[in-house]
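These are my notebook entries on one protein structure. I looked up helix faces, sheets and salt bridges, in that order.

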Amino acid sequence: MQPVDYTTLVAICDSLNNNYIPSRLEQIYQIDRYTISLCLRSLHQKAWLSISWHPQAARICIGNPPPRGKDTFTFSEQLRHLINGYALIGVKIVTDWERVVDFQWAKRPNEAPLHHLYVEIMGKYSNVILTSADNQIITVAKQITSNKSSLRTVETSQFYQLPPALTGEIPKLLESMEKWREKVSLIPGRIDKQLIKTYQGVSPIIAQYLLNQSAILATKSNQELTQEEWEKLYKNWQSWLQVIENKTFNFSKTTQGYTVLAETNNNQDLHKILNDYYNQQIYQENFNQLKQQLQQKIKNILTKLIIKRDKYQDKLNDSDKCEIYSNKADLLMAYLHKWKAGMKEIILNDFITNKPIKITLAPDKNMIQNAQNLYKQNQKLKRAKLVVKPLLEEVKSEVNYLQQISTILSQLDYQETEDLITLQEIKAELISQKYIEDSQYRGNNNVEESHPRKYQTPSGYEVLIGRNNRQNDILTSRTATDYDLWFHAQEISGAHVLLRLNAGDIPDDQDLQFTANLTAYYSQGRESDQVPVIFTKPSYVYKPKGAKPGMVIYTRETVIWGKPSLR
(Lines give C-alpha, C1' and ligand atoms only; values in the text may rest on other atoms or scores of the structure.)
Protein backbone atom coordinates (compact mmCIF):
# COMPACT_ATOMS: atom_id res chain seq x y z
CA MET A 1 0.00 0.00 0.00
CA GLN A 2 1.39 3.40 -0.98
CA PRO A 3 2.14 5.49 2.14
CA VAL A 4 1.50 9.23 2.40
CA ASP A 5 4.99 10.70 2.01
CA TYR A 6 6.25 14.18 2.79
CA THR A 7 5.58 15.52 -0.71
CA THR A 8 1.95 14.36 -0.59
CA LEU A 9 1.57 15.76 2.92
CA VAL A 10 2.72 19.22 1.75
CA ALA A 11 0.14 19.06 -1.06
CA ILE A 12 -2.61 18.05 1.40
CA CYS A 13 -1.80 20.85 3.84
CA ASP A 14 -1.65 23.40 1.02
CA SER A 15 -5.09 22.31 -0.21
CA LEU A 16 -6.61 22.45 3.29
CA ASN A 17 -5.15 25.91 3.97
CA ASN A 18 -6.48 27.24 0.67
CA ASN A 19 -9.99 25.82 1.04
CA TYR A 20 -10.81 25.26 4.72
CA ILE A 21 -9.07 28.00 6.70
CA PRO A 22 -10.88 29.28 8.61
CA SER A 23 -13.68 26.80 9.19
CA ARG A 24 -15.86 25.75 12.08
CA LEU A 25 -15.74 22.24 13.58
CA GLU A 26 -19.38 21.15 13.74
CA GLN A 27 -19.18 17.41 14.43
CA ILE A 28 -16.67 14.72 15.41
CA TYR A 29 -17.23 11.05 14.68
CA GLN A 30 -14.85 8.12 15.14
CA ILE A 31 -15.45 5.61 12.35
CA ASP A 32 -13.22 2.83 13.70
CA ARG A 33 -10.29 2.42 16.06
CA TYR A 34 -7.97 4.13 13.55
CA THR A 35 -10.05 6.89 11.94
CA ILE A 36 -11.85 10.05 13.04
CA SER A 37 -14.01 12.23 10.83
CA LEU A 38 -14.30 15.98 11.47
CA CYS A 39 -17.14 18.00 9.94
CA LEU A 40 -15.72 21.36 8.81
CA ARG A 41 -17.90 24.23 7.63
CA SER A 42 -16.18 27.13 5.90
CA LEU A 43 -17.79 30.20 4.32
CA HIS A 44 -18.24 28.37 1.03
CA GLN A 45 -18.57 24.66 1.77
CA LYS A 46 -19.03 21.84 4.24
CA ALA A 47 -16.85 18.73 4.22
CA TRP A 48 -15.81 15.75 6.33
CA LEU A 49 -12.08 15.62 7.05
CA SER A 50 -10.78 12.08 7.60
CA ILE A 51 -7.76 11.71 9.87
CA SER A 52 -6.40 8.18 10.15
CA TRP A 53 -3.54 6.66 12.13
CA HIS A 54 -3.99 3.24 10.48
CA PRO A 55 -0.64 1.31 10.50
CA GLN A 56 -0.66 0.87 6.71
CA ALA A 57 -3.00 3.66 5.60
CA ALA A 58 -2.33 6.69 7.81
CA ARG A 59 -3.63 9.76 5.98
CA ILE A 60 -5.35 13.15 6.04
CA CYS A 61 -7.94 13.94 3.37
CA ILE A 62 -11.47 15.14 2.76
CA GLY A 63 -13.51 11.94 2.80
CA ASN A 64 -17.00 10.48 2.87
CA PRO A 65 -19.59 11.36 5.52
CA PRO A 66 -19.39 8.83 8.38
CA PRO A 67 -22.03 6.11 8.90
CA ARG A 68 -25.03 6.82 11.11
CA GLY A 69 -24.25 4.21 13.72
CA LYS A 70 -23.51 5.14 17.32
CA ASP A 71 -19.98 6.34 18.09
CA THR A 72 -18.80 4.60 21.28
CA PHE A 73 -15.08 5.51 21.18
CA THR A 74 -13.51 7.39 24.09
CA PHE A 75 -11.05 9.38 21.97
CA SER A 76 -13.75 11.03 19.85
CA GLU A 77 -15.84 11.71 22.95
CA GLN A 78 -12.92 13.59 24.48
CA LEU A 79 -12.36 15.56 21.27
CA ARG A 80 -16.05 16.50 21.14
CA HIS A 81 -15.88 17.72 24.72
CA LEU A 82 -12.75 19.83 24.12
CA ILE A 83 -12.76 21.27 20.57
CA ASN A 84 -16.24 20.79 19.08
CA GLY A 85 -17.50 24.18 17.88
CA TYR A 86 -13.98 25.63 17.69
CA ALA A 87 -12.49 27.30 14.59
CA LEU A 88 -9.74 25.64 12.57
CA ILE A 89 -7.29 28.51 12.02
CA GLY A 90 -4.23 26.76 10.62
CA VAL A 91 -2.84 23.52 9.19
CA LYS A 92 0.96 23.47 9.34
CA ILE A 93 3.73 20.94 9.00
CA VAL A 94 5.56 21.33 12.30
CA THR A 95 9.09 20.91 10.94
CA ASP A 96 10.32 20.79 7.34
CA TRP A 97 10.76 17.25 6.03
CA GLU A 98 8.95 15.75 9.03
CA ARG A 99 5.50 14.15 8.59
CA VAL A 100 3.85 15.83 11.57
CA VAL A 101 0.93 18.19 10.94
CA ASP A 102 -0.38 20.72 13.47
CA PHE A 103 -4.12 21.47 13.28
CA GLN A 104 -4.63 24.67 15.29
CA TRP A 105 -7.94 25.40 17.02
CA ALA A 106 -9.21 28.66 18.49
CA LYS A 107 -12.57 29.94 19.70
CA ARG A 108 -12.65 32.47 16.87
CA PRO A 109 -10.66 32.73 13.62
CA ASN A 110 -8.59 35.77 14.63
CA GLU A 111 -7.64 34.52 18.10
CA ALA A 112 -4.58 32.59 19.27
CA PRO A 113 -4.90 28.78 19.21
CA LEU A 114 -6.15 27.16 22.41
CA HIS A 115 -5.55 23.59 21.26
CA HIS A 116 -3.26 21.74 18.85
CA LEU A 117 -4.20 18.47 17.20
CA TYR A 118 -0.92 16.90 16.12
CA VAL A 119 -1.26 14.25 13.41
CA GLU A 120 1.84 12.07 12.99
CA ILE A 121 1.85 10.24 9.64
CA MET A 122 4.58 7.68 10.25
CA GLY A 123 3.41 4.22 9.16
CA LYS A 124 2.84 1.86 12.07
CA TYR A 125 3.96 4.61 14.48
CA SER A 126 1.25 7.05 13.32
CA ASN A 127 -0.72 8.82 16.02
CA VAL A 128 -3.09 11.71 16.75
CA ILE A 129 -2.50 13.83 19.85
CA LEU A 130 -4.55 16.72 21.27
CA THR A 131 -2.67 19.25 23.42
CA SER A 132 -3.39 22.53 25.15
CA ALA A 133 -1.92 25.82 23.92
CA ASP A 134 1.26 25.15 25.93
CA ASN A 135 1.59 21.65 24.35
CA GLN A 136 0.51 19.61 27.36
CA ILE A 137 -1.10 16.39 26.12
CA ILE A 138 -4.83 16.19 26.94
CA THR A 139 -5.81 13.06 25.02
CA VAL A 140 -4.16 10.74 22.53
CA ALA A 141 -5.43 8.19 20.04
CA LYS A 142 -2.71 5.68 20.94
CA GLN A 143 -0.94 5.86 24.31
CA ILE A 144 2.78 5.04 24.06
CA THR A 145 4.12 3.97 27.45
CA SER A 146 7.70 3.20 28.43
CA ASN A 147 6.91 -0.50 28.05
CA LYS A 148 6.21 0.07 24.35
CA SER A 149 9.01 2.51 23.53
CA SER A 150 12.28 3.44 25.18
CA LEU A 151 12.82 6.40 22.82
CA ARG A 152 9.66 8.42 23.35
CA THR A 153 6.50 8.10 25.40
CA VAL A 154 3.17 9.75 24.53
CA GLU A 155 0.83 9.90 27.52
CA THR A 156 -1.73 12.31 28.90
CA SER A 157 -0.40 15.13 31.15
CA GLN A 158 3.03 14.94 29.52
CA PHE A 159 4.32 17.78 27.36
CA TYR A 160 4.26 16.95 23.66
CA GLN A 161 7.61 16.26 22.04
CA LEU A 162 8.26 15.70 18.37
CA PRO A 163 9.19 12.17 17.25
CA PRO A 164 12.94 11.40 17.14
CA ALA A 165 14.58 13.26 14.25
CA LEU A 166 15.07 11.34 11.03
CA THR A 167 18.55 10.45 9.86
CA GLY A 168 19.71 11.75 6.52
CA GLU A 169 20.48 15.05 4.91
CA ILE A 170 17.84 17.74 4.40
CA PRO A 171 17.23 18.39 0.67
CA LYS A 172 18.12 21.98 -0.36
CA LEU A 173 17.42 23.77 -3.61
CA LEU A 174 20.69 25.71 -3.34
CA GLU A 175 22.86 22.59 -2.95
CA SER A 176 25.29 22.24 -5.84
CA MET A 177 25.29 19.18 -8.07
CA GLU A 178 28.81 18.28 -6.97
CA LYS A 179 27.95 18.16 -3.27
CA TRP A 180 24.63 16.39 -3.96
CA ARG A 181 26.30 13.76 -6.16
CA GLU A 182 29.08 13.26 -3.63
CA LYS A 183 26.56 12.48 -0.88
CA VAL A 184 24.45 10.14 -3.00
CA SER A 185 27.47 8.20 -4.32
CA LEU A 186 29.41 8.09 -1.02
CA ILE A 187 28.30 4.52 -0.24
CA PRO A 188 28.13 2.16 -3.24
CA GLY A 189 24.69 0.66 -3.82
CA ARG A 190 21.50 0.77 -5.86
CA ILE A 191 20.75 4.33 -6.85
CA ASP A 192 17.12 4.26 -5.60
CA LYS A 193 18.18 2.92 -2.18
CA GLN A 194 20.95 5.49 -1.84
CA LEU A 195 18.60 8.39 -2.63
CA ILE A 196 16.21 7.16 0.07
CA LYS A 197 18.96 6.58 2.66
CA THR A 198 20.89 9.79 1.99
CA TYR A 199 18.09 12.39 2.07
CA GLN A 200 15.02 12.94 4.21
CA GLY A 201 11.65 13.08 2.47
CA VAL A 202 12.65 10.72 -0.36
CA SER A 203 10.11 7.92 -0.30
CA PRO A 204 10.31 4.87 -2.58
CA ILE A 205 7.62 6.49 -4.75
CA ILE A 206 9.63 9.73 -5.09
CA ALA A 207 12.85 7.83 -5.83
CA GLN A 208 11.11 5.82 -8.54
CA TYR A 209 9.57 8.99 -9.99
CA LEU A 210 12.94 10.76 -10.18
CA LEU A 211 14.61 7.77 -11.84
CA ASN A 212 11.77 7.26 -14.32
CA GLN A 213 11.95 10.93 -15.31
CA SER A 214 15.69 10.50 -15.80
CA ALA A 215 15.37 7.20 -17.74
CA ILE A 216 17.55 5.38 -15.17
CA LEU A 217 16.87 1.86 -13.91
CA ALA A 218 16.26 1.73 -10.16
CA THR A 219 18.48 -1.34 -9.88
CA LYS A 220 21.45 0.46 -11.36
CA SER A 221 24.38 1.11 -9.00
CA ASN A 222 25.28 4.70 -8.17
CA GLN A 223 28.82 3.82 -9.28
CA GLU A 224 27.57 2.96 -12.79
CA LEU A 225 25.79 6.24 -13.60
CA THR A 226 27.27 8.29 -16.41
CA GLN A 227 27.85 12.03 -16.20
CA GLU A 228 24.81 12.60 -18.44
CA GLU A 229 22.62 10.45 -16.14
CA TRP A 230 23.81 12.33 -13.06
CA GLU A 231 22.94 15.62 -14.74
CA LYS A 232 19.45 14.43 -15.71
CA LEU A 233 18.81 13.08 -12.21
CA TYR A 234 19.99 16.32 -10.58
CA LYS A 235 17.80 18.37 -12.90
CA ASN A 236 14.74 16.31 -11.94
CA TRP A 237 15.79 16.49 -8.28
CA GLN A 238 15.75 20.29 -8.51
CA SER A 239 12.39 20.24 -10.28
CA TRP A 240 10.92 18.11 -7.48
CA LEU A 241 12.19 20.53 -4.81
CA GLN A 242 10.80 23.49 -6.76
CA VAL A 243 7.35 21.85 -6.88
CA ILE A 244 7.44 21.53 -3.07
CA GLU A 245 8.77 25.07 -2.68
CA ASN A 246 6.19 26.65 -5.00
CA LYS A 247 3.41 24.15 -4.19
CA THR A 248 2.68 23.59 -7.88
CA PHE A 249 1.35 20.06 -7.52
CA ASN A 250 -0.54 18.12 -10.18
CA PHE A 251 -2.63 15.19 -8.99
CA SER A 252 -3.36 11.97 -10.80
CA LYS A 253 -4.17 8.30 -10.27
CA THR A 254 -1.53 5.76 -11.32
CA THR A 255 -1.60 2.03 -11.93
CA GLN A 256 -0.04 1.50 -8.49
CA GLY A 257 -1.82 4.27 -6.58
CA TYR A 258 -1.51 8.03 -7.06
CA THR A 259 0.94 10.86 -7.62
CA VAL A 260 1.06 14.57 -6.79
CA LEU A 261 3.79 15.09 -9.40
CA ALA A 262 1.85 14.43 -12.60
CA GLU A 263 3.30 16.06 -15.70
CA THR A 264 0.09 17.83 -16.64
CA ASN A 265 -2.69 19.41 -14.62
CA ASN A 266 -5.84 17.39 -15.37
CA ASN A 267 -7.89 19.07 -12.62
CA GLN A 268 -8.29 15.91 -10.56
CA ASP A 269 -9.25 16.33 -6.92
CA LEU A 270 -6.40 15.28 -4.61
CA HIS A 271 -8.74 14.46 -1.73
CA LYS A 272 -11.00 12.28 -3.87
CA ILE A 273 -7.98 10.41 -5.23
CA LEU A 274 -6.61 9.78 -1.73
CA ASN A 275 -9.99 8.92 -0.23
CA ASP A 276 -10.87 6.46 -3.02
CA TYR A 277 -7.43 4.83 -3.01
CA TYR A 278 -7.13 4.25 0.74
CA ASN A 279 -10.75 3.23 1.20
CA GLN A 280 -10.34 0.71 -1.61
CA GLN A 281 -7.14 -0.66 -0.08
CA ILE A 282 -8.58 -0.88 3.44
CA TYR A 283 -11.84 -2.42 2.21
CA GLN A 284 -9.89 -5.06 0.32
CA GLU A 285 -7.65 -5.78 3.32
CA ASN A 286 -10.69 -6.03 5.62
CA PHE A 287 -12.46 -8.22 3.05
CA ASN A 288 -9.54 -10.66 2.81
CA GLN A 289 -9.14 -10.88 6.58
CA LEU A 290 -12.86 -11.34 7.24
CA LYS A 291 -13.27 -13.89 4.44
CA GLN A 292 -10.36 -15.95 5.78
CA GLN A 293 -11.73 -15.80 9.34
CA LEU A 294 -15.23 -16.86 8.28
CA GLN A 295 -13.97 -19.65 6.02
CA GLN A 296 -11.81 -21.07 8.82
CA LYS A 297 -14.67 -20.83 11.30
CA ILE A 298 -17.13 -22.55 8.93
CA LYS A 299 -14.57 -25.24 8.11
CA ASN A 300 -14.02 -26.04 11.81
CA ILE A 301 -17.76 -26.18 12.55
CA LEU A 302 -18.48 -28.29 9.47
CA THR A 303 -15.75 -30.78 10.38
CA LYS A 304 -17.32 -31.35 13.80
CA LEU A 305 -20.86 -31.53 12.41
CA ILE A 306 -19.89 -34.06 9.73
CA ILE A 307 -18.29 -36.30 12.39
CA LYS A 308 -21.48 -36.00 14.45
CA ARG A 309 -23.64 -36.72 11.38
CA ASP A 310 -21.63 -39.84 10.54
CA LYS A 311 -21.92 -41.12 14.11
CA TYR A 312 -25.69 -40.62 14.08
CA GLN A 313 -25.87 -42.36 10.71
CA ASP A 314 -23.92 -45.33 12.08
CA LYS A 315 -26.29 -45.54 15.03
CA LEU A 316 -29.26 -45.39 12.71
CA ASN A 317 -27.78 -48.13 10.55
CA ASP A 318 -27.32 -50.25 13.66
CA SER A 319 -30.92 -49.55 14.63
CA ASP A 320 -32.07 -50.90 11.27
CA LYS A 321 -30.60 -54.23 12.32
CA CYS A 322 -32.81 -54.48 15.41
CA GLU A 323 -34.93 -57.27 13.88
CA ILE A 324 -31.84 -59.48 13.69
CA TYR A 325 -31.69 -59.51 17.50
CA SER A 326 -35.43 -60.21 17.73
CA ASN A 327 -35.08 -63.09 15.26
CA LYS A 328 -32.17 -64.63 17.19
CA ALA A 329 -34.12 -64.36 20.44
CA ASP A 330 -37.10 -66.16 18.85
CA LEU A 331 -34.80 -68.96 17.69
CA LEU A 332 -33.36 -69.40 21.19
CA MET A 333 -36.86 -69.60 22.68
CA ALA A 334 -37.89 -72.17 20.04
CA TYR A 335 -34.91 -74.41 20.75
CA LEU A 336 -34.64 -74.28 24.55
CA HIS A 337 -34.11 -78.05 24.64
CA LYS A 338 -30.79 -77.71 22.78
CA TRP A 339 -29.14 -75.64 25.49
CA LYS A 340 -26.36 -77.11 27.61
CA ALA A 341 -24.71 -75.43 30.57
CA GLY A 342 -21.60 -73.41 29.74
CA MET A 343 -22.37 -73.03 26.03
CA LYS A 344 -20.67 -69.98 24.43
CA GLU A 345 -22.45 -70.22 21.10
CA ILE A 346 -25.10 -72.22 19.30
CA ILE A 347 -25.91 -72.78 15.60
CA LEU A 348 -29.62 -72.90 14.68
CA ASN A 349 -31.49 -72.90 11.37
CA ASP A 350 -33.29 -69.65 10.49
CA PHE A 351 -37.10 -69.89 10.35
CA ILE A 352 -37.39 -68.21 6.93
CA THR A 353 -34.22 -69.13 5.02
CA ASN A 354 -33.56 -72.42 6.85
CA LYS A 355 -29.87 -71.47 6.76
CA PRO A 356 -27.72 -71.99 9.85
CA ILE A 357 -27.14 -68.92 12.08
CA LYS A 358 -24.44 -68.69 14.73
CA ILE A 359 -25.66 -67.06 17.95
CA THR A 360 -23.21 -65.99 20.63
CA LEU A 361 -24.24 -66.94 24.18
CA ALA A 362 -23.26 -65.78 27.64
CA PRO A 363 -21.94 -69.03 29.24
CA ASP A 364 -23.09 -68.00 32.74
CA LYS A 365 -26.72 -67.61 31.62
CA ASN A 366 -29.32 -70.08 30.45
CA MET A 367 -31.14 -70.05 27.11
CA ILE A 368 -34.07 -67.93 28.33
CA GLN A 369 -31.76 -65.31 29.89
CA ASN A 370 -29.74 -65.07 26.65
CA ALA A 371 -32.97 -64.64 24.69
CA GLN A 372 -34.10 -61.90 27.10
CA ASN A 373 -30.82 -60.03 26.52
CA LEU A 374 -31.38 -60.17 22.76
CA TYR A 375 -34.97 -58.89 23.16
CA LYS A 376 -33.62 -56.01 25.29
CA GLN A 377 -31.08 -55.12 22.59
CA ASN A 378 -33.87 -55.15 20.03
CA GLN A 379 -35.95 -52.73 22.13
CA LYS A 380 -32.94 -50.53 22.84
CA LEU A 381 -32.16 -50.16 19.14
CA LYS A 382 -35.80 -49.40 18.36
CA ARG A 383 -35.83 -46.61 20.96
CA ALA A 384 -32.47 -45.33 19.68
CA LYS A 385 -33.90 -45.09 16.17
CA LEU A 386 -36.71 -42.84 17.39
CA VAL A 387 -34.24 -40.59 19.21
CA VAL A 388 -31.44 -40.56 16.64
CA LYS A 389 -33.50 -39.94 13.51
CA PRO A 390 -34.60 -36.35 14.38
CA LEU A 391 -31.08 -35.58 15.63
CA LEU A 392 -29.63 -36.80 12.35
CA GLU A 393 -32.08 -34.68 10.35
CA GLU A 394 -31.17 -31.64 12.45
CA VAL A 395 -27.43 -32.15 11.88
CA LYS A 396 -27.98 -32.75 8.16
CA SER A 397 -29.89 -29.47 7.99
CA GLU A 398 -27.03 -27.64 9.70
CA VAL A 399 -24.47 -29.23 7.37
CA ASN A 400 -26.50 -28.19 4.32
CA TYR A 401 -26.85 -24.66 5.66
CA LEU A 402 -23.13 -24.27 6.41
CA GLN A 403 -22.15 -25.80 3.07
CA GLN A 404 -24.36 -23.15 1.49
CA ILE A 405 -22.44 -20.45 3.40
CA SER A 406 -19.13 -22.11 2.46
CA THR A 407 -20.08 -22.06 -1.23
CA ILE A 408 -21.04 -18.37 -1.04
CA LEU A 409 -17.74 -17.49 0.67
CA SER A 410 -15.63 -19.44 -1.83
CA GLN A 411 -17.24 -17.52 -4.71
CA LEU A 412 -16.83 -14.05 -3.18
CA ASP A 413 -13.88 -12.02 -4.43
CA TYR A 414 -13.29 -8.36 -3.76
CA GLN A 415 -14.26 -6.25 -6.75
CA GLU A 416 -16.15 -3.40 -5.11
CA THR A 417 -17.38 -2.11 -1.74
CA GLU A 418 -20.54 -4.17 -2.24
CA ASP A 419 -18.51 -7.35 -1.71
CA LEU A 420 -17.29 -6.24 1.73
CA ILE A 421 -20.86 -5.32 2.74
CA THR A 422 -22.00 -8.78 1.54
CA LEU A 423 -19.33 -10.40 3.72
CA GLN A 424 -20.29 -8.31 6.76
CA GLU A 425 -23.90 -9.41 6.29
CA ILE A 426 -22.78 -13.05 6.26
CA LYS A 427 -20.91 -12.48 9.52
CA ALA A 428 -24.00 -10.84 11.05
CA GLU A 429 -26.08 -13.82 9.94
CA LEU A 430 -23.67 -16.31 11.52
CA ILE A 431 -23.72 -14.30 14.75
CA SER A 432 -27.51 -14.26 14.77
CA GLN A 433 -27.54 -18.03 14.16
CA LYS A 434 -25.16 -18.51 17.14
CA TYR A 435 -22.28 -19.93 15.09
CA ILE A 436 -20.03 -16.98 15.96
CA GLU A 437 -19.79 -15.18 19.27
CA ASP A 438 -19.30 -11.42 19.20
CA SER A 439 -19.96 -9.50 22.39
CA GLN A 440 -19.83 -6.17 20.50
CA TYR A 441 -22.44 -7.18 17.92
CA ARG A 442 -25.56 -5.02 18.24
CA GLY A 443 -27.63 -6.10 15.28
CA ASN A 444 -27.54 -4.48 11.86
CA ASN A 445 -26.25 -0.94 12.43
CA ASN A 446 -24.94 -0.78 8.87
CA VAL A 447 -27.00 1.67 6.86
CA GLU A 448 -25.68 0.26 3.59
CA GLU A 449 -27.03 -3.07 2.36
CA SER A 450 -25.67 -5.24 -0.41
CA HIS A 451 -27.65 -5.83 -3.59
CA PRO A 452 -27.95 -8.88 -5.86
CA ARG A 453 -25.84 -9.40 -8.96
CA LYS A 454 -27.57 -8.37 -12.16
CA TYR A 455 -27.34 -9.85 -15.66
CA GLN A 456 -29.34 -9.65 -18.87
CA THR A 457 -30.47 -12.61 -20.97
CA PRO A 458 -30.03 -12.59 -24.78
CA SER A 459 -33.66 -11.38 -25.07
CA GLY A 460 -33.07 -8.56 -22.57
CA TYR A 461 -34.74 -10.04 -19.48
CA GLU A 462 -33.16 -9.19 -16.13
CA VAL A 463 -31.59 -11.95 -14.03
CA LEU A 464 -31.01 -11.35 -10.30
CA ILE A 465 -28.61 -13.53 -8.31
CA GLY A 466 -28.34 -13.51 -4.51
CA ARG A 467 -24.88 -12.80 -3.12
CA ASN A 468 -25.71 -14.20 0.35
CA ASN A 469 -28.60 -15.75 2.27
CA ARG A 470 -30.12 -12.36 3.18
CA GLN A 471 -30.40 -11.54 -0.49
CA ASN A 472 -31.58 -15.07 -1.33
CA ASP A 473 -34.48 -14.69 1.10
CA ILE A 474 -35.35 -11.22 -0.19
CA LEU A 475 -35.32 -12.37 -3.82
CA THR A 476 -37.51 -15.39 -3.12
CA SER A 477 -39.99 -13.95 -0.63
CA ARG A 478 -40.19 -10.24 -1.50
CA THR A 479 -38.82 -9.47 -4.96
CA ALA A 480 -40.28 -12.40 -6.91
CA THR A 481 -43.66 -11.98 -8.61
CA ASP A 482 -46.06 -14.57 -10.01
CA TYR A 483 -44.68 -13.95 -13.50
CA ASP A 484 -40.99 -14.66 -12.64
CA LEU A 485 -39.13 -17.97 -12.71
CA TRP A 486 -37.05 -19.15 -9.75
CA PHE A 487 -33.84 -21.14 -10.42
CA HIS A 488 -31.55 -23.18 -8.14
CA ALA A 489 -28.92 -25.88 -8.55
CA GLN A 490 -30.51 -29.26 -7.85
CA GLU A 491 -29.60 -30.97 -4.56
CA ILE A 492 -26.48 -28.84 -3.97
CA SER A 493 -25.86 -25.46 -2.37
CA GLY A 494 -25.99 -22.35 -4.50
CA ALA A 495 -27.52 -18.92 -5.04
CA HIS A 496 -31.22 -18.23 -5.51
CA VAL A 497 -31.66 -16.92 -9.05
CA LEU A 498 -34.62 -14.98 -10.38
CA LEU A 499 -35.50 -14.56 -14.07
CA ARG A 500 -37.67 -11.42 -14.14
CA LEU A 501 -40.63 -11.60 -16.52
CA ASN A 502 -43.66 -9.47 -17.27
CA ALA A 503 -47.23 -10.70 -17.44
CA GLY A 504 -47.67 -12.96 -20.46
CA ASP A 505 -43.93 -13.21 -21.24
CA ILE A 506 -42.66 -16.63 -22.32
CA PRO A 507 -38.84 -16.84 -22.20
CA ASP A 508 -37.00 -18.45 -25.12
CA ASP A 509 -34.92 -21.58 -24.65
CA GLN A 510 -31.78 -19.42 -24.91
CA ASP A 511 -33.01 -17.27 -21.99
CA LEU A 512 -33.68 -20.36 -19.87
CA GLN A 513 -30.30 -21.83 -20.78
CA PHE A 514 -28.52 -18.54 -20.08
CA THR A 515 -30.12 -18.35 -16.62
CA ALA A 516 -29.40 -22.03 -15.94
CA ASN A 517 -25.73 -21.49 -16.82
CA LEU A 518 -25.52 -18.59 -14.35
CA THR A 519 -27.28 -20.67 -11.68
CA ALA A 520 -24.78 -23.49 -12.19
CA TYR A 521 -21.86 -21.05 -12.05
CA TYR A 522 -23.02 -19.58 -8.74
CA SER A 523 -23.40 -23.00 -7.12
CA GLN A 524 -21.26 -25.67 -5.51
CA GLY A 525 -20.96 -27.28 -8.95
CA ARG A 526 -19.07 -24.38 -10.53
CA GLU A 527 -16.12 -26.59 -11.53
CA SER A 528 -18.32 -29.25 -13.18
CA ASP A 529 -19.01 -29.50 -16.91
CA GLN A 530 -22.76 -29.76 -16.32
CA VAL A 531 -24.96 -29.11 -13.31
CA PRO A 532 -28.64 -30.10 -12.99
CA VAL A 533 -30.63 -26.92 -12.40
CA ILE A 534 -34.32 -26.69 -11.50
CA PHE A 535 -36.71 -23.87 -12.18
CA THR A 536 -40.25 -23.28 -11.00
CA LYS A 537 -42.71 -20.52 -10.18
CA PRO A 538 -41.84 -18.53 -7.02
CA SER A 539 -45.27 -19.49 -5.63
CA TYR A 540 -44.08 -23.11 -5.49
CA VAL A 541 -41.07 -22.19 -3.33
CA TYR A 542 -41.64 -22.41 0.42
CA LYS A 543 -39.63 -21.57 3.50
CA PRO A 544 -40.37 -24.14 6.24
CA LYS A 545 -41.18 -22.77 9.66
CA GLY A 546 -38.00 -22.28 11.66
CA ALA A 547 -35.74 -22.84 8.61
CA LYS A 548 -32.38 -21.12 8.55
CA PRO A 549 -31.72 -18.17 6.20
CA GLY A 550 -31.63 -19.13 2.54
CA MET A 551 -33.11 -22.60 3.15
CA VAL A 552 -36.27 -23.40 1.12
CA ILE A 553 -38.19 -26.33 -0.37
CA TYR A 554 -39.81 -26.34 -3.81
CA THR A 555 -42.30 -28.32 -5.88
CA ARG A 556 -43.42 -28.65 -9.52
CA GLU A 557 -39.89 -28.09 -10.72
CA THR A 558 -38.46 -28.58 -14.21
CA VAL A 559 -34.87 -29.76 -14.65
CA ILE A 560 -32.47 -28.18 -17.14
CA TRP A 561 -28.74 -28.77 -17.45
CA GLY A 562 -26.63 -25.69 -16.71
CA LYS A 563 -23.10 -25.30 -18.05
CA PRO A 564 -21.01 -23.09 -15.72
CA SER A 565 -18.27 -22.50 -18.28
CA LEU A 566 -20.77 -20.86 -20.67
CA ARG A 567 -22.18 -18.37 -18.21
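**Entry 1. Terms and one helix face**

I took buried to mean under 20% relative accessible area, exposed over 50%, and partly exposed in between, with a 1.4 Å probe and protein chains only. Helices (H or I, at least four residues) and strands (E, at least two) are DSSP runs, numbered from the N terminus. The model is predicted, and I noted that local features need pLDDT of at least 70, that side-chain atom pairs count only at pLDDT 80 or more, and that totals for chains, interfaces and linings use all residues. Residues are numbered from 1 along each chain as its sequence is written, and side-chain values use heavy atoms, with hydrogens and water left out.

Which residues of α3 are buried? I found Met-177, Trp-180 and Val-184. Viewed down the axis of α3, these buried residues fall within an arc of 65 degrees, so they line one face of the helix; the arc is that of the directions from the helix axis to the C-beta atoms. An α-helix has 3.6 residues a turn, so residues three or four places apart point the same way. Glu-178, Lys-179 and Glu-182 are exposed, on the face of α3 turned away from its buried side. The buried residues of α3 pack against α4 (191-198) and α6 (227-246), where contact means heavy atoms within 4.5 Å.

**Entry 2. The sheet of 9 strands**

I next traced an open sheet of 9 strands, with antiparallel pairing and the order β4-β3-β2-β1-β5-β6-β7-β8-β9. Two strands were counted as paired if DSSP finds at least two bridges between them. At the edges lie β4 (59-63) and β9 (137-140), each of which pairs on one side only. From one strand to the next, the twist averages 30 degrees. For angles, axes are lines fitted to C-alpha atoms, for helices over the stretch in contact, and values run from 0 to 180 degrees between N-to-C directions.

Gln-104 has His-116 in β7 as its bridge partner.

Two helices lie across the strands. Helix α1 (residues 6-20) lies across β1, β2, β3, β4, β5 and β6, at about 155 degrees to β5. Helix α2 (residues 74-83) lies across β1, β2, β6, β7, β8 and β9, at about 170 degrees to β1.

How many bridges join β16 to β18? I counted 4, between residues 485-489 and residues 531-536, and the two strands run antiparallel. Ala-489 has Val-533 in β18 as its bridge partner.

**Entry 3. Salt bridges**

Side chains of opposite charge can pair when their charged atoms come close. I searched for salt bridges, each a side-chain nitrogen of Lys or Arg within 4 Å of a carboxyl oxygen of Asp or Glu. The search of the whole structure gave 19.

Arg-152 and Glu-120 form one of them, at 2.5 Å from N to O. Arg-152 lies in the loop between β9 and α3 and Glu-120 in strand β7, so the pair ties together parts that are 32 residues apart in sequence. Arg-152 is buried at 12% relative accessibility, and Glu-120 is buried at 1%.

Lys-272 and Asp-276 form another, with the closest N and O atoms 2.6 Å apart. They are 4 residues apart in helix α7 (residues 270-319), separated by about one helical turn. Lys-272 is partly exposed at 49% relative accessibility, as is Asp-276 at 29%.

Arg-467 and Glu-416 also meet in a salt bridge, at 3.3 Å from N to O. Arg-467 lies in the loop between β15 and α11 and Glu-416 in the loop between α9 (367-410) and α10 (417-432), so the pair ties together parts that are 51 residues apart in sequence. Arg-467 is buried at 9% relative accessibility, whereas Glu-416 is partly exposed at 39%.

Finally, I noted that salt bridges with shared partners join Asp-71, Glu-77 and Arg-80 into one network.
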